[in-house]
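Please keep the sequence and the coordinates at hand while reading.

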Amino acid sequence: MNTFIKIPFATLLLFCIFSCKTRHFETPEYGKNETEKFLKIKKVHNFRSVGNIKNTEGRVLKEGMFYRSAHLHQLKKKSFDEFEKLGIAEIIDLRNSKEIFEKPDHLSNGITYKKYSAFEDEGDQLSQARKLVLKGKVNASDADKRMVDFYREYVTENPQTIKTIITEIMESEKPILYHCTAGKDRTGIVTALILTVLKFDKETIYNEYLLSNNFRKPLVEKRLRLANNLHFLYPKMDLQVLEKLSWVEKRYLDAAFGEIDKKYGSTDTYIQQVLGISEAKREEYIQKFTH
């Protein structure tokens with residue numbers, strides 16, 4: 001980083017023009033039927049409400065109860081009033097302790113903050129992985145496998161934490177916001193589990209999940225362009241790795257549900273045994289969050 005700062009910008013630009021090869025990135029799959037409200041909060045990405053969608057029983061998820069987003073580290077004080085208008089009373093942080101330490105949420109004093117990590121970065125694996133990516137020792141296939149493995153492990157490795165997260169969200173009486181770093185993977189899995197409990201069909205659940213690609217599109221495209229333009233700084237880095245880590249794919253969520261089916265036989269069994277939600281309690285949640 002120090003080297004980068006010392007090099008004049010004009011020199012970097014000229015070097016880039018004559019040495020960089022323009023890469024055409026793949027187009028991800030986007031969600032359809034954008035019934036969810038995209039909420040533009042300054043310096044907070046992928047912030048939206050989960051609502052106004054219909055479950056298998058024809059009931060509609062109430063608007064303004066569940067909110068999801070990326071981290072709130074850069075949340076401005078000017079936006080505190082917007083949170084208050086939305087009625088958000090509690091924040092659930094799904095990030096691990098290291099992520100929270102490096103970029104803690106910036107919140108007003110009136111909001112209850114809780115953190116529950118079902119994934120801990122043992123041995124600082126994320127930092128080590130970043131170094132390997134820059135050195136070109138991780139390719140797109142490696143990144144894809146890691147994403148699939150992450151989704152499989154997240155739903156089954158720390159079941160008590162997953163139960164706590166889902167219970168905390170669904171027992172809330174006021175609007176609640178839950179988030180991770182990018183608001184797409186851990187947040188996407190948790191949302192998928194909530195919607196499964198509330199008896200939404202697979203198509204609706206996956207569409208809601210894919211909307212992260214819609215809402216993150218400007219941010220991701222900007223980052224990919226920057227990485228492509230400055231690729232000469234790390235010529236061995238596989239830019240496809242950045243693509244894999246930037247978008248969500250149906251296959252990733254397939255991996256999570258597939259692991260649930262493999263280990264527990266069905267999502268219904270998982271809901272009862274892992275999440276501790278009986279059929280009676282499930283019906284109670286449906287009545288509570290839908291109309």
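The expected span of a helix is taken as 1.5 Å times one less than its number of residues, where helices (H or I, at least four residues) and strands (E, at least two) are DSSP runs numbered from the N terminus. The model is predicted, so local features need pLDDT of at least 70 and side-chain atom pairs count only at pLDDT 80 or more, while totals for chains, interfaces and linings use all residues. Residues are numbered from 1 along each chain as its sequence is written, and side-chain values use heavy atoms, with hydrogens and water left out.

**The chain overall**

- The chain holds 13 helices and 5 strands, and 47% of its 291 residues count as buried, where buried means under 20% relative accessible area, exposed over 50% and partly exposed in between, with a 1.4 Å probe and protein chains only.
- Among contacts with a separation of 6 or more, 74% are accounted for by residues 24 or more positions apart, a contact being heavy atoms within 4.5 Å.

**Helix α7**

- Helix α7 (residues 159-170) has 12 residues that should span 16 Å at 1.5 Å a residue, and its end C-alpha atoms are 16 Å apart, which agrees.
- The buried residues in α7 are Ile162, Ile165, Ile166, Glu168, Ile169 and Met170.

**Helix α9 against α11**

- The axes of α9 (residues 202-229) and α11 (residues 250-264) come within 10 Å and cross at roughly 125°, the axes being lines fitted to C-alpha atoms, for helices over the stretch in contact, with angles from 0 to 180 degrees between N-to-C directions.
- The two helices are therefore oblique to each other, on a scale where angles under 35 degrees count as roughly parallel, over 145 as roughly antiparallel, 65 to 115 as roughly perpendicular and the rest as oblique.
- On the α9 side the contact is made by Lys202, Ile205, Tyr206, Tyr209 and Leu210, and on the α11 side by Lys250, Tyr252, Leu253, Asp254 and Phe257.
- The residues of this contact of α9 with α11 divide into 7 nonpolar, no polar and 3 charged, with Ala, Val, Leu, Ile, Met, Phe, Trp, Tyr, Cys and Pro counted as nonpolar, Asp, Glu, Lys and Arg as charged, and the others, Gly among them, as polar.

**Helix α9 against α10**

- The axes of α9 and α10 (residues 239-246) also come within 10 Å, crossing at roughly 165°, and that makes α9 roughly antiparallel to α10.
- Arg216, Val220, Leu224, Ala227 and Asn228 of α9 meet Leu239, Leu242, Glu243 and Ser246 of α10, and the residues of the contact of α9 with α10 divide into 5 nonpolar, 2 polar and 2 charged.

**Burial of α11**

- Tyr252, Leu253, Ala255, Ala256, Phe257, Glu259, Ile260 and Tyr264 are the buried residues of α11, and what covers them includes α6, α8, α9, α10 and α12.
- Gly265 follows α11 and has a positive phi, near 95°.

**Two individual residues**

- Arg282, in helix α13 (residues 279-289), is buried with a relative accessible area of 6%, and, not counting residues up to four places away in sequence, Arg282 touches Thr196, Val197, Lys199, Asp268, Ile271 and Ile277.
- Gly136, in the loop between α5 and α6, counts as partly exposed at 36% relative accessibility.
- Leaving aside neighbours within four places in sequence, Gly136 is in contact with Lys236 and Met237.
- Gly136 and Leu239 are 103 residues apart in sequence and 9.4 Å apart in space, C-alpha to C-alpha.
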